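Here's a quick briefing to read with the model open beside you. Have a look at the ligand site before anything else.

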Amino acid sequence: MSPIGKAFPRKEGRKKVTGKALYVDDLSFPGMLHGVTVRSPSPRGRITKISFEGDIPWDEFTVVTAKDIPGANYVALILNDQPYLAADFVNHPEEPILLLAHRDKYLLEEARRNVRIEIEEQPAIFNLEDSLARKEIIWGEDNVFKKYLVDKGNVDEVWANADFIVEGEYETGAQEQLYIENNGAIAIANADKGVTVWGSMQCPYYVHKALVKLFDLPEEKIRIIQTETGGGFGGKEEYPSLIAGHAALLAWKSGKPVKMIYDRAEDMVATTKRHPSRTRHKTAVTKDGKLLAVEIDFVIDGGAYCTLSPVVLSRGTIHSAGPYVCPNVRIHSRAVATNVPPHGAFRGFGAPQSIFALERHMDKVARTVGLTPEEFRRRNFIHEGETTATSQVIRERVDMDQLLTRALQLSNYHEKRERFARENAESNGRFRKKRGVGFATFMHGAGFTGSGEVYLQSVVSAEATVEGVVRILAASTEIGQGTNTIFSQIASEALGLDVDLIEIVQPDTAHVPNSGPTVASRTSMVVGKLVESAVTGLKQTLIGSSLLPHEYGQSEFKRACAEYIARFGSLKTSSTYQPPPNVHWDDEKYQGDAYGAYAWAVYVAEVSFDELTYAAHVEDFVALQEVGRVLNPVLAAGQIEGGVAQAIGFTLFENVVWKDGRMANNQMTNYIIPTPVDIPPIRVYFEENPYAYGPGGAKGIGELPMDGAAPAILNALENATGVSFNEIPLLPETLMVKLL
Amino acid sequence: MRAFIPNYQLTTPASLAEALTLLESEPGVWKPFAGGTDLMVLLEAGRLAHRNYINIWGLNELRGIEATDTHVTLGALTTYTEVQTNPILRREFPMLCQAASETGGLAIQNRGTLGGNIVNASPAADSPPALLAYDAEIELVSNRGSRWLPYQGFHTGYKQMHIDPDELLARIRLPRNTAGLTHYYRKVGTRKAQAISKVCFAAVGKTGQGKLMETRIVVGSVAPIVVRCVQTEAALRGQRPDEETIAAACASLVREISPIDDIRSTAKYRLQVAKNLLADFLATLRT
Ligand SMILES: Cc1cc2nc3c(=O)[nH]c(=O)nc-3n(C[C@H](O)[C@H](O)[C@H](O)COP(=O)(O)OP(=O)(O)OC[C@H]3O[C@@H](n4cnc5c(N)ncnc54)[C@H](O)[C@@H]3O)c2cc1C
């Protein structure tokens, strides 16, 4: 019986619900100190003075400044422009300047309040418009971290003869990841043994790479161990390199283990958020609704340092033209600097921003041409053999028409459209609830963009024990999404063994190979495939050495492992990433096969709008997607439900209130995420079309559900109210102003 | 936890008398700590200015809900859960039960108290609008004795109120005169649950021969204190709740409240929604 497609319970679930799972804050070491960060009070300027005040026994404290850094003072990532500790100039509020450690964590907070930092302020800029306008040059020569140009055909030749040209501008705001467990790390560091860090993280090898530079130590002297991690959503992709480095610097100087755990207020005010964006569309269409030319200007606000902005921008750029065919496409995109804490990875990674713009714009174009949103899209959907904006030929079977038909049926779209139009027109002189339905059609590429996976060269190992247990060694992390369970199912399928005989080894850079970061919907599809080939290698080794017949049972496998290990000492195999055939990507021209595979989806939202309070509420939600083969239906549905809920937050609730570059509402009381009663039943449906190069036929799904809800909801709100909204988050206050 | 814990003291008296003696002996030094649901948030954030607290949670003298023919009396330590499960309150004071059911989540409802909600004096608190609309009275006790005063007028400005440093809020009393009233309560928060009010509206009204005999209208989150809109009530008396009356009432309401922009909403929104709620309330009295 194949374990693929079965709802196995979460491998670590029992440990988590019984409180036995150990998160970083549950760990303690003898003599351990606590560490805190003293941060910049100003958005931009020169540090002129640091004083240690108050009635504090300062001589008991370990104090670390930029001068104490043994290696390079930057977080090694892409451009290496972000310092671990600002030495003399700060570029955003809450930028780390100084570190303190002490045994007593209460006294430590009192001490933190008594460090006074004086800054000679310089003019700062806080939004992408000011950055583009170069109101102040705050980064490089032009405030631009990165730009891309995607050019297919020639849009310039089209405008003059087009039947319609439709333009639009769309904006999205910052969003906080709000994982349950805040960022945290514990470090032990000394010149003799090197640096060991335990922490909550998505990508142990990112932290490893950063700490090698920070301490200027050989790779084997840095060891990173992922502890049980309470969610990430991208918020623990690049940030843990910073907090791990800080804890390690304090440990290095004090000679003692140091624990650093952010509280919610610090995590929200200081760590990364989703990049705010602005997208402009200019679209040429024929009178019968065929796309002729698409020109897109996509800008994201990267914050004060580059961090991952080029990669976020890349994914946003490539997804900005969606699942449509158009002979002429030009996408110009930029990531720009502002004096706010660096924005970073967040589920969807740029795609939710550009897809929001596109799917709102598609409704606008449809209206201009005089077609329904449905018919207009049908006339432009991409099919097998056609090319995307980057001229990637779609080689898999894709049937957006059928997906759309099914999603509209499942949601009763046509009946509701007609009924709501009638009901919304009726009036009894009281405040009403108006209703509407809308949808979005989109795709999401799984795995690293372009040649990313080839550069990563990910490796997974598998090792058998004498008891016939197969241990999977990978740096891919379980962060609540189900890595452990999915890897076990894949290995179990490939070996024909019970899932209980598969063990997932805790990611520890001293023991596991680098299977790449846990990001980009790549863990099941890309790393899972490596798990499959690594364990297949084990099986073949046993068969090849004649210890195991081709057809075998569990006890035969166990005997064979024991025998092999008795004879040869150990049984271990590794598998390295091989790209699927015929995948080509041109990094210069930004043309070619952007992703190995795409998941395809249609999301339909029904909303109500309350005339009394101006609040929009999502009443019903249908999420239909084609994701290859579903490996575990409960985990897959969980990903979709969670992603849609998070996307509803992004659309209608989550508003980062900025005050001079600092988040002013950095508490859960005032940064509003939806509760269960704020989200509708989320009805999840899958269409299965196995992907030849994914394990068991699977494609990635982790980020997909973040993409479609925002435009579907705003399309539905336009249907309900007759007014077009092009900015999110869309709060009742804004709805009121537009509707009064 | 950002607070420096050694700076704080919490003492647990054995009786109300002991608590009052402590309050009297060092005026202003001690403050009550009831459910702690407001205080603990400040402590965690390192923003709790006052340092010495008397734990009153165990004082049974401040608990219980009792009814006589004329009044229902609630101890200051009455929790939101107790409010919601009391049959008399559910029947005669539904807005208080609704406020309780929309306050925080279950944990807060089990621990948060009416007395704490009143003395914490947030203009965004959700029970005060209902209590004011029901003409509540409150009892303050000290070693000097006990005094009853109308709740209306107790708060005088932002976090300002008529309570002396040696006094505890002991009881809240509601006159049982709600028969025949229409009750209208609506909390407009930042989301459907676990939310702080952006506008909170509580009103009762009665009509006779198509005219408004009596209304009591209270709005929260629109001024430094929760506002009983007495001028608007006066303007409505004897009128028919028609479009013209509603427009006039809204105009009067605007003069009685003074909402502001803050982290949760805008003055403009609060004003408009308060008017909408008033209009909606009056419309319910039309038939
Ligand atoms: C997660 C969360 C959600 C919340 N949601 C809501 C909500 O939806 N609506 C709402 O209105 N509130 C809400 N609150 C606020 C809080 O729960 C209420 O105000 C609660 O009623 C406070 O009561 P308490 O007993 O916990 O007060 P405490 O925190 O113990 O005290 C609050 C203040 O009142 C004083 N005090 C308490 N009792 C007395 C007394 N008998 N005599 C004199 N002074 C006294 C204290 O000295 C202190 O200054 C929420 C709080 C949290 C943490």
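Start at N117(B), where a polar side-chain atom sits 2.8 Å from an oxygen atom of the ligand; a polar contact here is a pair of N or O atoms within 3.5 Å, and within protein one must be able to donate a hydrogen and the other to accept it, with residues adjacent in sequence counting only if both atoms are side-chain atoms. This is a predicted model, where local features need pLDDT of at least 70 and side-chain atom pairs count only at pLDDT 80 or more, while totals for chains, interfaces and linings use all residues. Residues are numbered from 1 along each chain as its sequence is written, chains are lettered from A and ligands numbered from 1 in the order in which they are written, and side-chain values use heavy atoms, with hydrogens and water left out.

**Ligand site**

- T113(B) also puts a polar side-chain atom 2.6 Å from a ligand oxygen atom.
- L169(B) uses its backbone instead: an N or O atom there lies 3.0 Å from a nitrogen atom of the ligand.
- On its own the ligand exposes 980 Å², and the protein buries 86% of that (Shrake-Rupley areas, 1.4 Å probe).
- The shell has 28 residues, with P32(B), T37(B), D38(B), Y80(B) and T113(B) the closest (a residue is near if one of its heavy atoms lies within 4 Å).
- Helix 7 (114-120) of chain B is one of the elements that supply at least two shell residues, along with strand 2 (30-33), helix 2 (39-44) and strand 10 (168-175); helices (H or I, at least four residues) and strands (E, at least two) are DSSP runs numbered from the N terminus.
- The largest share, four residues, comes from helix 7 of chain B.
- By type, the shell splits into 14 nonpolar, ten polar and four charged residues (Ala, Val, Leu, Ile, Met, Phe, Trp, Tyr, Cys and Pro count as nonpolar, Asp, Glu, Lys and Arg as charged, and the others, Gly among them, as polar).

**A helix pair in chain B**

- Helix 10 (residues 243-256) and helix 11 (residues 267-284) of chain B have axes that come within 10 Å and cross at roughly 140° (axes are lines fitted to C-alpha atoms over the stretch in contact, and angles run from 0 to 180 degrees between N-to-C directions).
- Among the residues that meet are I246(B) and L253(B) from helix 10, and L271(B) and K275(B) from helix 11 (contact means heavy atoms within 4.5 Å).
- That contact is made up of eleven nonpolar residues, no polar ones and one charged.

- The peptide bond from I728(A) to P729(A) is cis, with omega near 0°.
- P729(A) belongs to the loop between helix 17 (709-721) and helix 18 (732-739) of chain A.
- L178(A) isn't a glycine, yet has a positive phi of about 50°.
- You'll find L178(A) in the loop between strand 8 (164-172) and strand 9 (184-190) of chain A.
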